[in-house]
Amino acid sequence: YMDMLSIRAGVGANVYQNSFLTDISGEIGIHLNQKGLLKDQFYISNNLLFSFSENGGIITNNFTNLGYRRNFSDDRLKPNWLGVEFGLVTKRSGALFKSNTMRLGVNWEIVKNISVAPQLYFNGFFKQVSPGFRIGIGL
């Protein structure tokens, strides 16, 4: 492999503060090659999260993220991607997220195009910490 630009899209299921949210995500990144294997990826991504209000209306919130992933495998056919991601709420509605909400997550691609990500959400600069969890499916 050579260094390359990647564009990915996906969907996800999230749990945060006893709420279930679905999301549509997009990502653009650069993969860096080491000795014929893709080893490092730097990316920017966007998650558009959906939930429903008590009256049945749709509530949307948007997170923009910066991330890094590392492939810990030396087998080209069996990659093992593990990464970290930092995000900020860039558009919000409803009361679930505050205007200064940030999140920090670790993501692991357990099989091709399926990832799990435990996350920590902060209101303000690392205040009011709340856990979250996401399962993502790449398209």
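Predicted model: local features only at pLDDT ≥ 70, side-chain atom pairs only at ≥ 80, totals over all residues.
Colleague: Hi! What do the eight strands close into, and in which order?

Modeller: Hello! They close into a barrel, running β1-β2-β3-β4-β5-β6-β7-β8 with antiparallel pairing. On average, neighbouring strands of this sheet are turned by 25 degrees against each other, direction ignored.

Colleague: How many bridges do β1 and β8 pair over?

Modeller: Seven bridges, in the antiparallel sense. In β8, glycine 138 stands opposite glycine 10.

Colleague: Nice. Now to cavities: how many of 30 Å³ or more turn up in a search of the whole structure?

Modeller: One. The volume of the largest cavity is about 360 Å³.

Colleague: And which residues lie nearest the centre of the largest cavity?

Modeller: Ser25, Glu27, Arg69, Ser115 and Arg134, out of 25 lining residues. The elements giving two or more residues to this lining are β1 (4-16), β2 (19-34), β3 (37-52), β6 (101-111), β7 (114-123) and β8 (130-138).

Colleague: What's the lining of that cavity like by class?

Modeller: Twelve residues are polar, seven nonpolar and six charged.

Colleague: Switching topic, how much space lies in the largest pocket?

Modeller: About 530 Å³. Its lining has 21 residues, and Leu38, Pro79, Trp81, Glu109 and Lys112 lie nearest the centre of the pocket.

Colleague: Which strands each supply at least two residues of the pocket lining?

Modeller: Those are β1, β3, β4 (58-71) and β6.

Colleague: And the classes in the lining of the largest pocket?

Modeller: Nine nonpolar, seven charged and five polar residues there.

Definitions and conventions: Residues numbered from 1 in each chain as written. Heavy atoms only, no water. 1 Å grid on protein atoms, 1.4 Å probe; cavity = no way out; pocket = protein on both sides within 12 Å on 5 of 7 lines; lining within 4 Å. Points joined across faces, edges and corners; volume = space filled by probe spheres on them. Helix = DSSP H or I, 4+ residues; strand = E, 2+ residues; numbered from the N terminus. Nonpolar A, V, L, I, M, F, W, Y, C, P; charged D, E, K, R; others polar. Pairing = 2+ DSSP bridges. Axes fitted to C-alpha atoms, helices over the stretch in contact; angles between N-to-C directions.
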